[in-house]
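Here are some notes for a colleague opening this model for the first time. Please keep the structure in view while reading.

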Amino acid sequence: MDGLVLTCDQDGRLRALHRLGAGLPGLTGKPGTPFPALFGPDAMAGALDLFSGLRKSGWTLDHPVHSRLDPAGVLHVSGLSDAEGMVLAVARTPGGLPTLMEALDALNPRLARRLAPLGSAVPKPEVPTADALLDEMTLLNNELANVQRALAKTNVELAASNEQKNRLMGMLAHDLRTPLQVVVGFAEMLEQRLDGRLDATERACLERIRESSLSMRHMVEDALSLAALQAGRLRLTRRPSDLVALVRRNVSMNRVLAEGKSIAIELSVPVHPLPLADIDPAKLDQLINNLLSNAIKYSDRGGRVRLALSEDGGRARLCVSDDGRGIPPAELAQLFQPFARTGRLGTEGEGTVGLGLYICRSIAEGHGGFITADSLPGRGSTFTVELPLRASSP
């Protein structure tokens, strides 16, 4: 018969796990693991009842534990508590203890002798008295209060740790942003001052410096935004802004990345002037940056990226499209979740940490707008952002 024999300390922490026959492959754990955790999250309540009963009476016979980790669905646990700790035999069928003990005797006679007293154990019906029930309820209430206090303390510690982590991430990203801006600026200055005097290799090196610095700056901006979002401090600094000028400036900056893959960026903006938009220009700049850099990342060399800005009924619509690899339907639903990483890599192996689109969604929703994605494998992707040109009244 396939089964397990567990040895634990007095607190139910696993010391060793002995497999009999093929064992129960779904149940496994490291030394020190509380044995109820071996049966899986769905079985935790039943396994804790088993543990409580074992500590109270000193033994148990064929206690059923429902667990999805084993094909049988229900496991039957027999065990006892002695001076050395606890020993438990786990079988798939009730009444399987004698067969398990026989197999255990050949494998580990000493352990079999520890289980021997269970061979003659017969469950005796016990009718609890009112006083016993009251004592049990009092004990359970006290244990629950202790658990609640421990949980509250743990929650406070976790909140403090998370706040410290967010503060550290924000400080680190902020300190990285300034030197990256310096690198980009000096690369542009060198390219301008040495125009005409650089050979192809030297110009390519400068372009690579600019490309890498811009990519790194995008990552730093995303890290700063993530820290602010997790701390609940992503505040918008709105002011009347020219959306067309902002889009043009962003496209000009991302052409550096696009040219590295021979990708053309096509821009379409209204011929008539748009009203000034009540937005946070830095955050909108970050949103457009993320969408354009993603489109470039997932486009093949020599491809096209299209950005179209339009206005309808007091709302601005921004569409960023590419003719790259596209996204499978099963992965579309998770695109805007933090750290969501699809099975796609950039066309030249570029990776992602999965923050950009989550931050785009947060920025769009913070402005009272939304973002959607439309894509099919092999047909490219289109991301559409809609924003009100005027902030809604509080």
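1. Some terms first. Contact means heavy atoms within 4.5 Å. Axes are lines fitted to C-alpha atoms, for helices over the stretch in contact, and angles run from 0 to 180 degrees between N-to-C directions. Helices (H or I, at least four residues) and strands (E, at least two) are DSSP runs, numbered from the N terminus.

2. On the source: this is a predicted model, where local features need pLDDT of at least 70, side-chain atom pairs count only at pLDDT 80 or more, and totals for chains, interfaces and linings use all residues. Residues are numbered from 1 along each chain as its sequence is written, and side-chain values use heavy atoms, without hydrogens and water.

3. Start with the sheet. It is open, with five strands in the order β7-β9-β10-β12-β11 and mixed pairing. Strands count as paired if DSSP finds at least two bridges between them. At the edges are β7 (264–268) and β11 (370–375), each pairing on one side only. On average, neighbouring strands are turned by 15° against each other, direction ignored.

4. Look inside the sheet next. β10 (residues 315–322) pairs with β12 (residues 381–388) in the antiparallel sense, over eight bridges. Which residue of β12 is the bridge partner of V320? The partner is F383.

5. Helix α9 (residues 356–366) lies across β11 and β12, at about 140° to β11.

6. α6 also meets helix α7 (residues 281–297). Their axes come within 10 Å and cross at roughly 35°. The crossing is right-handed, meaning that the near helix is turned clockwise from the far one by less than a right angle. Residues making the contact include L246, V247 and N250 of α6, and P281, L284 and D285 of α7.

7. Helix α1 (residues 44–57) is worth a separate look. Buried here means under 20% relative accessible area, exposed over 50%, and partly exposed in between (1.4 Å probe, protein chains only). A47, L50, F51 and L54 of α1 are buried. They share one side of α1 because they cover an arc of only 95° around the axis, taken from the directions from the helix axis to the C-beta atoms. On the other side, A45, D49 and K56 are exposed.

8. What covers the buried residues of α1? The cover includes β3 (59–66), β4 (74–82) and β5 (85–91). After α1 comes G58, with a positive phi near 90°.
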